[in-house]
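Dear colleague,

I am passing on the structure we spoke of, with notes on its domains and aromatic contacts. Please look it over when you have time.

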Amino acid sequence: MKTSRTLGSAAILAISACMAAGMFISIRAQAAHAEEIVPLSALDLQKMQQGWGEPKIDQSVTGKPLAIGGKTFAHGVGTHARSVLYVQLNGGTSRFTAKVGVDDSQRGKAASLDFRVVGDGKTLFKSGTMKPGQAAKSVDVDLRGVKTAILLVGQAGGGIDFDHANWADAQFAVTGEKPQAVDPPREEAVILTPKPSPQPRINGPTVYGCRPGNPFLYRIPATGQRPMTFAADNLPAGLRLDAKTGIITGVNPPRGEYAVTLRAENALGKAEKKFKIVSGDKLALTPPMGWNHWYAHYGRVTDRTMREAADGMAANGMADAGYQYVSIDDCWMNAPEDSKLDASRRGPLRDEKGNILCNKNFPNMKALTDYIHAYGLKAGIYTSPGPFTCAGYCGAYRHEAQDAKQFADWGFDMLKYDWCSYGGIAKGDKSLEALKKPYILMGDLLEKQKRDIHLNLCQYGMGKVWEWGAEVGGQSWRTAGDLGFELERIIDIAMTNAKHREWSKPGSWNDPDYLQIGYIGNARGGGEPRPCPLTPNEQYSFMSLWCLMASPLFYSGDVPKLTDFDLNILCNAEVIEIDQDPLGQCARTVVLDDEAVLFVKEMEDGSKAVGLCNRGEMEIEIAAKWSDLGLTGKQRVRDLWRQKDLGEFSDSFTANVGRHGTFLIRLWPVK
Ligand code: GLA
């Protein structure tokens with residue numbers, strides 16, 4: 001190895017010296033002698049990220065022979081757009097060669113993609129758009145001196161459907177250190193959000209929905225030095241405010257609108273905020289915010305986990321930023337004795353009267369919700385309409401009324417209602433009527449309880465649930481399956497939700513799944529929590545996009561382990577304000593190219609929130625033009641992550657946006 005490295009650099013020197021002397025051909029032949037050929041397929045392809053399937057060696061992504069434009073190739077790698085592979089070369093590779101194109105299995109289909117090779121940030125090869133049936137293009141790039149190369153397959157305009165891509169005969173000519181597939185770079189975790197000011201600031205929504213006569217509970221979310229004294233003007237009769245804690249309790253007022261002003265004061269100053277209580281039929285006039293145990297604790301959740309999360313949220317600033325619900329997901333009930341789940345979670349499913357039983361990890365549900373409510377926070381619970389939940393515990397089937405009443409009696413304020421094991425009950429019927437049935441039943445039952453209980457449907461978007469989720473009594477609905485951790489999935493779901501943005505409005509929210517940052521388990525493995533694999537930029541994008549979509553904001557990770565960096569992502573008051581805007585609009589998208597996308601959200605005060613999102617691997621300049629944003633005239637622009645005014649701009653705003661980052665701004669017209 002050592003010898004070949006020495007030879008390699010000597011050969012390169014010789015090449016440059018002799019090129020000048022017109023001796024290129026003979027020296028090159030000599031250098032080739034020292035080269036070792038390393039096929040792309042010899043690299044660790046687990047590091048290759050792609051939009052669908054797994055990379056295949058010497059086969060197309062679906063396991064067929066590699067074929068491009070009628071020609072078959074014995075060797076290479078089959079992948080699928082968008083595909084990314086980082087290769088560390090450290091100057092040891094002289095060339096990369098390949099034949100690239102769309103796999104012939106996609107002939108006649110609407111595939112379109114492009115290949116790129118990047119060396120230390122410079123594009124060295126660009127195929128341009130390629131279609132099925134087109135002859136392979138030759139890649140032959142000089143990589144001498146290059147430290148890191150990136151092999152990319154983009155979607156060339158359209159979506160990624162049918163984009164089966166082949167790097168045929170792909171190989172590195174190596175003269176020194178061998179190429180190695182590596183993880184994408186991870187930038188430094190820089191905290192962009194300034195610490196909240198010690199002066200009071202009241203956060204949370206400006207409008208709040210409730211149903212007449214039910215219990216009222218609202219903790220005024222406020223940052224600033226404690227002690228702080230709270231007050232409220234024009235609070236309707238039946239409500240009282242604890243001036244020390246800022247918790248409002250009592251009975252929801254009669255039907256009507258109540259314009260309240262919330263006030264907070266400490267030794268350093270005062271703050272106030274308009275807060276309209278709308279007592280009527282609708283709950284969740286702004287997207288619900290909270291925490292859910294699932295992605296950190298899975299089947300390990302206990303009463304203690306829940307209390308620690310509530311303690312954490314009250315202490316770490318989350319409750320002050322507006323996070324309200326503390327929600328138990330699956331696994332609080334018993335599973336049948338013959339299941340393989342741990343002994344503390346097996347036992348009788350119901351008592352002799354048919355009442356659902358908690359497992360040993362939840363000794364007293366009422367005491368748990370009391371504990372959560374004492375913080376002014378709300379409690380959430382989970383079940384499924386089938387006989388069993390997704391994790392194999394007792395579901396609500398044939399006991400719906402009894403369970404709904406039980407949840408209300410225990411003091412829960414939210415129900416996540418899944419779909420698992422109901423497929424069998426519906427006997428595979430996927431008609432709208434069949435899809436709606438369990439939710440109509442539970443929606444009606446919850447509405448009859450003497451509590452405001454938010455219904456979150458979790459049936460992964462079947463039958464375009466966004467079109468009818470509100471009609472069956474839901475306030476929010478998952479629009480897709482479990483999210484996972486890839487930025488592409490995160491951006492993808494934001495772009496998909498933007499397509500049905502008309503269904504996002506007060507009392508009616510598209511739920512793209514939870515915010516998974518900090519310590520989280522592997523959703524697919526159920527493992528112990530570990531640090532979030534998303535890069536810092538990706539985490540900023542995650543939160544930015546969730547707020548631009550007006551998504552429910554549920555953190556689902558280990559609360560006691562949240563770091564200052566994580567809390568900076570979760571608790572930026574100006575970013576959350578975008579999510580909680582009372583218009584309830586989901587951003588629309590403006591796709592500028594394969595890399596740059598703008599997310600544009602109208603705000604109630606006439607301003608706009610805009611995310612300049614970079615899906616690409618390199619830092620790029622993104623311009624938000626007024627013509628794309630639907631703006632004219634001068635605008636004041638504020639950087640929301642840094643909470644800093646950037647000045648006045650006349651017809652566009654441009655920013656450099658790092659790999660997978662989102663630059664989040666708000667623009668107000670200058671009068
Ligand atoms: C489904 C849901 C998850 C979680 C699990 C619980 O997968 O999508 O959010 O509730 O069930 O088993």
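Are Tyr208 and Phe275 buried or exposed? Both are buried in this predicted model.

These two residues also form an aromatic pair, with 5.8 Å from centre to centre and 35° between the planes, and the pair is tilted. Tyr208 belongs to strand β15 (residues 207–210) and Phe275 to strand β22 (residues 269–279), so their contact ties together parts that are 67 residues apart in sequence.

A second pair is made by Tyr514 and Phe554. Their ring centres are 6.0 Å apart and their planes lie at 50°, so this pair is tilted. Tyr514 sits in the loop between β29 (509–511) and β30 (519–520), while Phe554 is in strand β32 (residues 553–555), so the pair ties together parts that are 40 residues apart in sequence. Tyr514 and Phe554 are both buried.

The count of aromatic pairs comes to 24. Ring pairs also link Phe96, Phe115, Trp167 and Phe172 into a cluster.

Two charged side chains lie over rings. Arg307 is placed over the face of Tyr371, 4.7 Å from the ring centre. Lys561 is over the face of Tyr519, at 4.8 Å from the ring centre.

As for the overall layout, the domain assignment of the protein chain gives domain 1 (36–182), domain 2 (201–279), domain 3 (289–579) and domain 4 (588–669). Between the C-alpha centres of domain 1 and domain 3 there are 40 Å.

Regards

Note on methods
Residues numbered from 1 in each chain as written. Predicted model: local features only at pLDDT ≥ 70, side-chain atom pairs only at ≥ 80, totals over all residues. Heavy atoms only, no water. Domains from an automatic or database assignment. Phe/Tyr/Trp six-rings, centres within 6.5 Å; stacked < 30°, edge-to-face > 60°. Helix = DSSP H or I, 4+ residues; strand = E, 2+ residues; numbered from the N terminus. Buried < 20%, exposed > 50% of the residue type's maximum accessible area, 1.4 Å probe, protein only. Lys NZ or Arg CZ within 6 Å of the ring centre and 35° of its normal.
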